[in-house]
Amino acid sequence: MTLGERIRWYRSRRGLSQEALAEQVGVSRQAVSKWETDAAAPELEKLVALARAFGVTTDQLLSEEIPEKELPPVQEGPPEEGRHAAGWLGRQIRRWGWLSGVYLALWGLATALIGTLAYADFKSALFPMGLFEDDAYILSMGASYTFPLTLSKIAIGIGAAAVIAGAGLTVYLRRKR
């Protein structure tokens with residue numbers, strides 16, 4: 001069994017995709033593919049990382065014997081310092097990033113609700129009996145009266161846009177995951 005065949009065997013036994021293994025080792029998916037087809041060999045540093053990812057020793061990874069049927073469980077721990085922390089953070093963002101869309105949509109909903117309440121409050125304060133509510137009359141009253149109404153309409157628009165953007169972002173990132 002060649003080194004590439006052993007890498008493919010251990011990777012498949014761990015249930016890892018080439019991309020997931022590449023992230024753990026700190027290389028590209030194409031590098032893992034080249035290793036598995038014996039088109040290239042991993043550097044010594046990468047062999048150590050591969051053995052760690054598979055939960056085996058480097059001797060087991062490099063030996064020409066057929067690997068054991070059952071693999072010991074991999075010890076999951078905090079990421080190593082330096083280059084592996086970025087890989088861990090990237091995995092967390094890919095896993096939970098869709099929640100940013102949910103938060104954006106909720107923020108937009110709150111903003112639109114506050115804008116709607118402010119608009120209703122300003123309008124009832126300016127026109128307590130519901131008289132002269134047409135736009136021509138409001139515009140003739142001057143900027144001091146129209147500014148709060150305009151500001152609340154802008155808040156409603158921004159909130160609505162954020163709800164739409166948040167929902168779209170949530171769907172996109174959830175499908176991408």
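The model is predicted, so local features need pLDDT of at least 70 and side-chain atom pairs count only at pLDDT 80 or more, while totals for chains, interfaces and linings use all residues. Residues are numbered from 1 along each chain as its sequence is written, and side-chain values use heavy atoms, with hydrogens and water left out.

Select Trp 9, Tyr 10 and Phe 54, which form one aromatic cluster. Rings of Phe, Tyr and Trp (its six-membered ring) pair if their centres lie within 6.5 Å; planes under 30 degrees apart count as stacked, over 60 as edge-to-face and the rest as tilted. The rings of Trp 9 and Tyr 10 are edge-to-face, with centres 5.2 Å apart and planes at 80 degrees. Tyr 10 and Phe 54 are stacked, at 5.5 Å centre to centre and 25 degrees between the planes. This second pair links distant parts of the chain, 44 residues apart: Tyr 10 is in helix 1 (residues 3–14) and Phe 54 in helix 4 (residues 44–54). Helices are DSSP runs (H or I, at least four residues), numbered from the N terminus. Trp 9 and Tyr 10 are buried, as is Phe 54; buried means under 20% relative accessible area, exposed over 50%, partly exposed in between (1.4 Å probe, protein chains only).

Next, select Arg 174 and Trp 98. The charged end of Arg 174 sits over the ring of Trp 98, 4.6 Å from its centre (the criterion is CZ of Arg within 6 Å of the ring centre and within 35 degrees of the ring normal).

Notes: Helices (H or I, at least four residues) and strands (E, at least two) are DSSP runs, numbered from the N terminus.
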